Amino acid sequence: MSVTTQAVQSFQRIDDARHRTLITALVQKLHDYINEVQLTEDEWMKAIQFLTQTGQLCHEQRQEYILLSDVLGISMLVDQINHQKSEVQTPSTVFGPFFIADMPVRNLADSIVIENAEQCRPLLIKGNIRNTQGESIANAYIDIWQTADNGMYSGQDPEQQIDNLRGVFVSQADGSYAIKSILPVSYEIPSDGTVGQLLNYAKRTFWRPAHIHFKIVAEGYQPLVTHIFLANDEYLQNDAVFGVKDRLIVCHESKKADPQSHAVYGLDCDYDLMEYDFILSEV
């Protein structure tokens, strides 16, 4: 009996059928890969060291394994398998490695710009949360996060307050939401870890197009993890993590300050506007 057969059969006593399938299939595919490429002992040890170093880089505010999954296209493949049932719902995309839970719950049209807000031209993001029948969804929790204009997230950048450019909003009774922020910028994903070593070795781009992250949760609906991307960004066709979907690309327009924007959204100066409706699927 081959070592592959022995290894696969050793997991057959797992009670949960799905878990048994996941583990035995993984073992089989790993053995198949090793046989196919005729892996050397030196290559095996380098792979072990790479995975060890990847784990050592992970902490509460950085997940190098998620970043590795992203650049290998695995995150988007899992997304494709799990979120292709509805043509109506807003497309999902990668979660990314820089989400931080339990950020402050903010009020309608509050700003998530905590630092240097007076120096930044405001961006108003507004729209509605709806279901696939077009009905408004009230009390949806909208988690938002993005990079600062230096291309870094709070938690990644030690100079930023942890809640800078982050927050949780709740959709209104009519499903509407409004958030003040700043225009996102395109940025390079972290190059100081194992993922950076891999991309450098492969001569691949580190760049992601400008985007804003959203995680939307509402009772009775499937959670949505997605981005909105800035139209005309030069990296839309060459995203390092393969996360761009056409329906997530959004134009923005310049707006002049007026009494209504001041009264409704607290805007006292000219601003940029992005409008986007998020569509959730029922559970």
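In which helix is S69 found? S69 is in helix α4, where helices (H or I, at least four residues) and strands (E, at least two) are DSSP runs, numbered from the N terminus. The model is predicted: local features need pLDDT of at least 70, side-chain atom pairs count only at pLDDT 80 or more, and totals for chains, interfaces and linings use all residues. Residues are numbered from 1 along each chain as its sequence is written, and side-chain values use heavy atoms, with hydrogens and water left out.

**Stop 1: S69.** Select S69 and S75. Their side chains are joined by a polar contact of 2.7 Å (a pair of N or O atoms within 3.5 Å; within protein, one must be able to donate a hydrogen and the other to accept it, and residues adjacent in sequence count only if both atoms are side-chain atoms). Leaving aside residues up to four places away in sequence, S69 touches I74 and S75; contact means heavy atoms within 4.5 Å.

**Stop 2: α3 against α4.** Select residues 41-56 (α3) and 64-71 (α4): these helices pack at an angle of about 125°, with axes 8 Å apart. Axes are lines fitted to C-alpha atoms, for helices over the stretch in contact, and angles run from 0 to 180 degrees between N-to-C directions. The angle makes α3 oblique to α4; under 35 degrees counts as roughly parallel, over 145 as roughly antiparallel, 65 to 115 as roughly perpendicular and the rest as oblique. On α3, show F50, L51, T54 and G55, which meet E64, Y65 and L68 of α4.

**Stop 3: α4 against α6.** The contact joins E64, L67, L68 and V71 of α4 to T194, V195, L198 and L199 of α6.

**Stop 4: the ends of α2.** Select D16 and R18: D16 caps the N-terminal end of α2, with a side-chain oxygen 3.0 Å from the backbone nitrogen of R18. After α2 comes Q38, whose phi is positive, near 55°.

**Stop 5: the sheet.** Five strands form an open sheet, ordered β3-β2-β7-β8-β9, with mixed pairing; two strands pair if DSSP finds at least two bridges between them. At the edges are β3 (166-170) and β9 (249-250), each pairing on one side only. Now select β2 (residues 141-145) and β7 (residues 211-217), which pair in the antiparallel sense over five bridges. To finish, pick I142, whose bridge partner in β7 is I216.
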